[in-house]
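Hi,

Here is the structure I promised to pass on. Have a look at it first, and then read my notes below.

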Amino acid sequence: MKKMMLTAVAVITFAFSNAQETRIGIKGGVNLTSINGYGTQSTSRVGFQVGGFAEIKISDKFAIQPELLLSTQGRCTEISGSGFGFRSKDKSSLVYLNIPVMAKFYVVDKFSIEAGPQIRFLLGAKSKWEVTSENGAFSGNDDVKSSYDDLDLGVNLGAGYDFTKDLSVGFRYNLSLTSYGKSLDGNKIYNSVYLLSVGYKF
């Protein structure tokens, strides 16, 4: 963790010291989160990301882009007990502060591909659950932050297109490299996030 953070700081420092141009921007979009390793009962959830970034141009073709993003993620699970009238539903909502550092390469004018590491800090986690059985229905909304790890390391891959010099759209895939918790059956679980975003540079 410390090595990754120090490397990210070194890359950003190098980029600023060699920048031809630096532009600050804001971005936001929707993400689709799935959980690898949780089991077949788990389904994806739609969330959002919003935050800011700095595009540090090293050359006409290459840029370093550190970002600071607030992200909502999670999962939905549903388990039914055949013949027993039992059904359990759970919707987990996790809020993260994401810090990716992307290397952008402009393949052609306006179109870029990107890749880079990401550190994710867990800010909060809630579980909204409901259990229905022959004995009645029960529900609750619990704070489950202690059930997850506070830090998550991942890698991003994506592409972007600049409609104008200020307005752009991007698509990105993020895969966790470290487990942020365990499922009910003891399997390690990993975040997997698809993000579609719109950005504006000032």
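Arg172 is buried, with a relative accessible area of 5% (buried means under 20% relative accessible area, exposed over 50%, and partly exposed in between, with a 1.4 Å probe and protein chains only). Before I go on: this is a predicted model, where local features need pLDDT of at least 70 and side-chain atom pairs count only at pLDDT 80 or more, while totals for chains, interfaces and linings use all residues. Residues are numbered from 1 along each chain as its sequence is written, and side-chain values use heavy atoms, with hydrogens and water left out.

So what does Arg172 form a salt bridge with? Its partner is Glu67, and the closest N and O atoms are 3.0 Å apart (a salt bridge is a side-chain nitrogen of Lys or Arg within 4 Å of a carboxyl oxygen of Asp or Glu). Arg172 sits in strand S9 (residues 167-176) and Glu67 in strand S4 (residues 62-81), so this pair ties together parts that are 105 residues apart in sequence. Strands (E, at least two residues) and helices (H or I, at least four) are DSSP runs, numbered from the N terminus. Glu67 is buried too, at 3% relative accessibility. Both residues also belong to a network of salt bridges that links Lys27, Glu67, Glu114 and Arg172.

In total, the structure holds 9 salt bridges. Another one of them joins Lys126 to Asp143, with 4.0 Å between the closest N and O atoms. Lys126 is in strand S6 (residues 111-133) and Asp143 in strand S7 (residues 136-143), so here the parts tied together are 17 residues apart in sequence. Lys126 is partly exposed at 44%, whereas Asp143 is exposed at 53%. Then there is Asp150 with Lys145, at 3.1 Å; Asp150 is partly exposed at 44%, and so is Lys145 at 26%.

Now for the nonpolar side of things. A nonpolar surface patch of about 1100 Å² includes Ile26, Phe105, Tyr161 and Val198 (patches are made of residues with over 30% relative accessible area and no salt bridge; like charges are joined within 9 Å, and nonpolar side chains, meaning Val, Leu, Ile, Met, Phe, Trp and Tyr, within 5 Å). The areas come from the Shrake-Rupley method with a 1.4 Å probe, and for residues only the protein chains shown count as cover. Strand S5 (86-108), S6 and strand S11 (188-201) each give two or more residues to the patch, and S5 gives the most, with 3. Val198 is found in S11 and is partly exposed, at 47%.

Cheers
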